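Student: Can you walk me through this one? I'd like to know what packs on what.

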Amino acid sequence: MEFDVIVVGGGAAGLMCAATAVQRGRRVLVLEGSNKPGKKILMSGGGRCNFTNLNCGPEHFVSQNPHFCKSALKRYSPYEFLALVDRHGIPHVEKTAGQLFCERSSKDILAMLLKECEGAELVTDAGVEQIEWNSRWQLSTAKGRFEADSLVIATGGLSIPKMGASGFGYEVARQFGLDVLPTRAGLVPFTFTGAMKALTERLSGVSVAAAASVGDARFADDILFTHRGMSGPAALQVSSFWEPGDAVAIALRPDVDIENFMLDAKSTAPRSRLRTALGSLLPRALVTELEGLFFNDLKEAPLNEISNGRLSRLAKTLGEWVLKPAATEGYRTAEVTLGGVSTDAVSSRTFECKTVPGLYFIGEVLDVTGQLGGFNFQWAWASGRAAGEVV
């Protein structure tokens, strides 16, 4: 069967590209390897899909070329996608820092995209077995053989393999001589070993406001202790900047001057214990663990017997609790894949390969990775739109 455009991958970027192209009158085929399109859309945001972020800008992305994403993001803004959502009557809510979620369900966003794709042909369970170029693109799949003038690879990265993720897009890039940068899991929980793992197991389910830092990267939000290690928004954000062997510095309650807090407690309740004072600031289970780590010798000392200097040193420790993760949970639970097809090989305006006319790469398969909070979806919409306008 012959088409103008074949899009491989029925996720966010692929469907956006297909919708844009079919509305230009192009004959479009979407090949999805799994049994239904948009699986990651459906599971995202706890089933409510954080579909964009109103504050989206290039500074919210990680890439070897930080300038690459600027063109597409400028030409298709979060407000343009929001206008599409509004046209389809999808109720939504704004959360922290411009994060927009469906009020009802992620299913609304997928239904909208499929509605926008009307006129395109969607084939599921269509794993691509072979790609050839012979004046046109020729694809052999589990559902037959298809041809087209333009081929768009929108297969995503390696994150969450149970959703059908694979390295197929990277294989295609290598087949046609493109560089693929090393990949690793991003926006992913940390794991620990030894005494720290035992500590996180005891604290599993405990959440606290914190700032997590690796090098110059710092994110203030909640951290969540798990039976394997540490998760929560601040930990997930900083994981995209972490390399094996790096330490992670945790500042507990960065919104509070802990030293002044303890000095005030010493003044107003001089006979109380330090754990009692900190227990009004931090989860009590966490205070118990911190006591064992940092001030066990003060366990029974009233505050008025603890020197101001010791309280100052303890405040500094709680503001820079240095942890050394053993690893991350990897692609199994990662929200994104860092690295991927080098942006040097692709036009930032059209997403066409510079050395292979008619071949396009969009979305997560490229070396462009957003931070947590709707930025990766906005990249999918912007890159899919840019390619869909020219294929």
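Predicted model: local features only at pLDDT ≥ 70, side-chain atom pairs only at ≥ 80, totals over all residues.

Student: OK, cores. How many residues has the largest nonpolar core?

Tutor: The largest nonpolar core has 81 residues. Such a core is a set of buried Ala, Val, Leu, Ile, Met, Phe, Trp, Tyr and Cys residues joined through side-chain atoms within 4.5 Å. Buried means under 20% relative accessible area, exposed over 50%, and partly exposed in between, with a 1.4 Å probe and protein chains only. Ile109, Phe351, Phe361 and Trp379 have the most contacts inside this core.

Student: And which helix gives the most to this core?

Tutor: Helix α1, residues 12–22, with nine residues. Helices here are DSSP runs of H or I with at least four residues, strands are runs of E with at least two, and both are numbered from the N terminus.

Student: What does Trp379 touch?

Tutor: Leaving out residues up to four places away in sequence, tryptophan 379 touches Phe61, Phe68, Cys69, Ala72, Leu73, Phe351, Gly363, Leu366, Val368 and Gly384. Contact means heavy atoms within 4.5 Å. Apart from the core of 81 residues lies another core, of 44 residues, with Leu199, Ala212, Ala234 and Leu303 among them.

Student: Glutamine 378 next. Buried or exposed?

Tutor: Glutamine 378 counts as buried, because its relative accessibility is 0%. It lies in helix α13. With residues up to four places away in sequence not counted, glutamine 378 touches Phe51, Thr52, Cys56, Leu73, Tyr76, Ser77, Pro78 and Phe81.

Student: Now α1 and α13. How do their axes cross?

Tutor: The axes of α1 and α13 (residues 375–388) come within 7 Å and cross at roughly 35 degrees. Axes are lines fitted to C-alpha atoms, for helices over the stretch in contact, and angles run from 0 to 180 degrees between N-to-C directions. The crossing is right-handed, that is, the near helix is turned clockwise from the far one by less than a right angle, with anticlockwise being left-handed. On the α1 side the contact includes Met16 and Cys17, and on the α13 side it includes Phe377 and Trp381.

Student: What about α9 and α12?

Tutor: The axes of α9 (258–268) and α12 (308–319) come within 8 Å and cross at roughly 145 degrees, and this crossing is right-handed too. Ile258, Glu259, Met262, Leu263 and Lys266 in α9 meet Asn308, Leu311, Ser312, Leu314, Ala315 and Leu318 in α12.

Student: Switching to sheets. What is the strand order in the sheet of seven strands?

Tutor: That open sheet runs β17-β16-β13-β14-β15-β12-β18, with antiparallel pairing. Two strands pair if DSSP finds at least two bridges between them. The edge strands are β17 (321–323) and β18 (327–328), each pairing on one side only. Helix α12 packs on this sheet, touching β16 (248–252) and β17, and its direction makes about 120 degrees with that of β16.

Student: Why is β13 largely enclosed?

Tutor: Six of the eight residues of β13 (207–214) are buried, so the strand is largely enclosed by the rest of the structure. Eight bridges join β13 to β14 (217–225), with serine 213 partnered by arginine 218. Four bridges join β13 to β16, where alanine 211 has alanine 251 as its bridge partner. In the hairpin of β13 and β14, which has two residues between the strands, glycine 215 takes a positive phi near 60 degrees.

Student: And the sheet of three strands, what order is that?

Tutor: β3-β6-β5, open and antiparallel. β3 (50–53) and β5 (92–94) stand at the edges with a single partner strand each, so one side of each has no neighbour in the sheet. Three bridges join β5 to β6 (99–102), and glutamate 94 has leucine 100 in β6 as its bridge partner.

Student: Which helix lies across β3, β5 and β6?

Tutor: Helix α4, residues 78–87, running at about 140 degrees to β3.

Methods:
Residues numbered from 1 in each chain as written. Heavy atoms only, no water.
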